[in-house]
Amino acid sequence: MFEILEENQVFTVRMSADLEAIDRAAVEVKRFLARKGKDSERFAILIALREALSNAVLHGSNGDASKTVEFRLFLDEEIRLEVID
């Protein structure tokens, strides 16, 4: 499972708790950041995203791909990342 929802300055992904889904999420976030003109912040955001999602998949979901991980990337006054596992 891999679902994307984009609303203005919020990018949401709901995905299977699978390490391969992290790579796909990173690609989609790169595209979102490019559309929003946030290329200069891309490296730091992707490092934080990969670390948070890896933790959610490996520890929060115990690597069980039947479980779901969701994250939201907020681009308001500051950039925030929220992960739900």
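Let's start with a trio: Glu 70, Arg 72 and Glu 82 are joined in a network of salt bridges. By that term I mean a side-chain nitrogen of Lys or Arg within 4 Å of a carboxyl oxygen of Asp or Glu. Searching the whole structure turns up six salt bridges.

A quick word on what we're looking at. This is a predicted model, where local features need pLDDT of at least 70, side-chain atom pairs count only at pLDDT 80 or more, and totals for chains, interfaces and linings use all residues. Residues are numbered from 1 along each chain as its sequence is written, and side-chain values use heavy atoms, with hydrogens and water left out.

Now, please find Glu 6. Which residue does the side chain of Glu 6 meet in a salt bridge? The partner is Arg 35, with 2.5 Å from N to O. Glu 6 sits in strand E1 (residues 2-7) and Arg 35 in helix H1 (residues 19-35), so this pair ties together parts that are 29 residues apart in sequence. Helices (H or I, at least four residues) and strands (E, at least two) are DSSP runs, numbered from the N terminus. Glu 6 has a relative accessible area of 35%, which makes it partly exposed. On that scale, buried means under 20% relative accessible area, exposed means over 50%, and partly exposed is in between, using a 1.4 Å probe and protein chains only.

Next, look at Arg 50 and Asp 23, whose side chains form a salt bridge at 2.9 Å, N to O. Here too, distant parts of the chain are linked: Arg 50 is in helix H2 (residues 42-60) and Asp 23 in helix H1, 27 residues apart. Arg 50 is partly exposed at 34%, and Asp 23 is partly exposed at 42%.

Let's stay in helix H1 for another pair. Arg 31 and Glu 28 meet through their side chains in a salt bridge of 3.1 Å, N to O. Because these two are three residues apart in helix H1, about one helical turn separates them. Is Glu 28 buried or exposed? Glu 28 is buried, at 15% relative accessible area, while Arg 31 is partly exposed at 45%.

Last stop: Thr 12, which you'll find in strand E2 (residues 10-16). Thr 12 is buried, with 12% relative accessibility. Contact means heavy atoms within 4.5 Å. Leaving out residues up to four places away in sequence, Thr 12 touches Glu 3, Ile 4, Leu 5, Glu 70, Phe 71 and Arg 72. And that brings us back to our opening network, where Glu 70 and Arg 72 are linked with Glu 82. Thanks, everyone!
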